[in-house]
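Biologist: I would like to learn how features of a model like this are read. Please take them one at a time.

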Amino acid sequence: MAELYNEFFGLRERPFTLLPDPDFIYWTRQHSRAFSILEYGIVSRAPITVVTGEVGAGKTTLVQGLLKSMDGTITLGLVSNADSTRGDILHWSMNALSLKIDPARSHVELFQQFQDFLVSEYAAGRRVVLVFDEAQTLSVESLEQLRMFTNINSNKDELLQLILVGQPELRARIARPELRQFAQRVTANYHLTTMDKDTTAHYIRHRLKVAGGTGDEFTHRACERVFRATGGVPRLVNQLCDFCLVYALADNEKLVIASVVDQVIEDGVYFAGYTDMREVGE
C-alpha cells in the first residue's frame, strides 16, 4: 500500500514512517534547542547530559542525528532500552563499547577492565561517550552506578561522558532525594514539549517535501484536524498522516482534506485518543 500511495502522490519514499530517521528531522525551536544542549554537553565535556520528552516527541531521532554528527575523536557506545532487571549496568555499558565480557571475572575485575579501556582511549586522544536511550527504564541503583562511573577521570578531564535520553519519569526520578549527588553531576538538561498547531502544520509539510512531495498534499484545515487529534506529538502525527494518505488513495483524491482525517479517526484505525475537534470548524 505504501508503494501505491508513494506513486499516487509522486513521493520517493514514505513520508510518515514511525522509524526514527535523521534525514526527516524537522528542526522546531524545541528540537533545535534540545540538539544544542546535546552538542553543548559533548563540547563542554559535561559528565552527564539529560534530555527528556513525552513518548513520540522525537527524542530517538535527535539521538540518531547526534550520532551521525560525531567525529573520530569520540568513541561512542549506544545503549537502547537498558533494563536493570536483565543485567548489570556495567555489562550493558561494556557491551555497548564492544568490550569482551568474561563471565568468570568478578564485578571488580570487569570494572577494572572498563576503567582501563577509558584510560587507554584517553591516552589515544579519544573521549568515550555512552548514550542511554529510553533511560527512564533505569533503576535508582543503576543511575547511582552510572554516577560512580563519572568518578573515573584524569586531572581535570572527563574520561567518560554520559547522555541520558528518556521519558518525563526519568526527570522525576533524578529529582528524588537519594539521587541528589547524581543530579549535581547533570551539567546540561532539556525537556522536549509537544508541537503547537502551526508547528505541526509545518512539520507535516516538511516531511512531505523531504519525501519528494510538494508539501501541499494536506490542506490547512486537515493539518489543524491532525493537530487536534494528536496533541502535536510527532509520532502520533506520523501515524495519523500515514493513514490519511492511504484513505486519500482509496478515494482517488490527491488532496487530504479535513473530512479524510475525520474518517480515519471515526473508522477506528487510529487508536490514539484525540480532543474534541469541533473547536476547529469545517
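Biologist: Is His31 buried or exposed?

Modeller: Buried means under 20% relative accessible area, exposed over 50%, and partly exposed in between, with a 1.4 Å probe and protein chains only. His31 has a relative accessible area of 8%, so the residue is buried. This is a predicted model, in which local features need pLDDT of at least 70 and side-chain atom pairs count only at pLDDT 80 or more, while totals for chains, interfaces and linings use all residues. Residues are numbered from 1 along each chain as its sequence is written, and side-chain values use heavy atoms, with hydrogens and water left out.

Biologist: In which helix does His31 lie, and with which residues is His31 in contact, leaving aside its neighbours within four places in sequence?

Modeller: Helices (H or I, at least four residues) and strands (E, at least two) are DSSP runs, numbered from the N terminus. His31 belongs to helix H2. Contact means heavy atoms within 4.5 Å. With neighbours within four places set aside, His31 touches Tyr26, Ala57, Gly58, Leu62 and Leu192.

Biologist: How many residues of strand S1 are buried, and with which strands does S1 pair?

Modeller: Six of the six residues of S1 (residues 48-53) are buried, and the strand is mostly covered. Ile48, Val50 and Thr52 lie on one side and Thr49, Val51 and Gly53 on the other, and both faces are covered. As for pairing, two strands pair if DSSP finds at least two bridges between them. S1 runs parallel to S6 (residues 160-166) over five bridges, with Leu164 of S6 as the bridge partner of Val50. S1 is also paired in the parallel sense with S7 (residues 186-192), over six bridges; there, Tyr190 stands opposite Val51.

Biologist: How many salt bridges does the structure hold?

Modeller: A salt bridge is a side-chain nitrogen of Lys or Arg within 4 Å of a carboxyl oxygen of Asp or Glu. The structure has seven. One of them joins Arg14 and Asp242, whose closest N and O atoms are 2.8 Å apart. That pair links distant parts of the chain, 228 residues apart: Arg14 is in the loop between helix H1 (2-9) and helix H2 (29-43), and Asp242 is in helix H11 (residues 234-250). Arg14 counts as partly exposed because its relative accessibility is 33%, whereas Asp242, at 12%, is buried.

Biologist: Which residue forms a salt bridge with Glu224?

Modeller: Lys197 does, at 3.7 Å from N to O. This pair also links distant parts of the chain, with Glu224 in helix H10 (residues 220-230) and Lys197 in helix H9 (residues 197-210), 27 residues apart. Glu224 has a relative accessible area of 8% and is therefore buried; Lys197, at 32%, is partly exposed. Salt bridges with shared partners join Lys197, Arg221 and Glu224 into one network.

Biologist: How are two packed helices described?

Modeller: By the angle between their axes and the distance between the axes. Axes are lines fitted to C-alpha atoms, for helices over the stretch in contact, and angles run from 0 to 180 degrees between N-to-C directions. The axes of H4 (residues 89-96) and H5 (residues 107-123) come within 11 Å and cross at roughly 35°. Leu90, His91, Ser93 and Met94 of H4 meet His107, Leu110, Phe111, Gln113 and Phe114 of H5.
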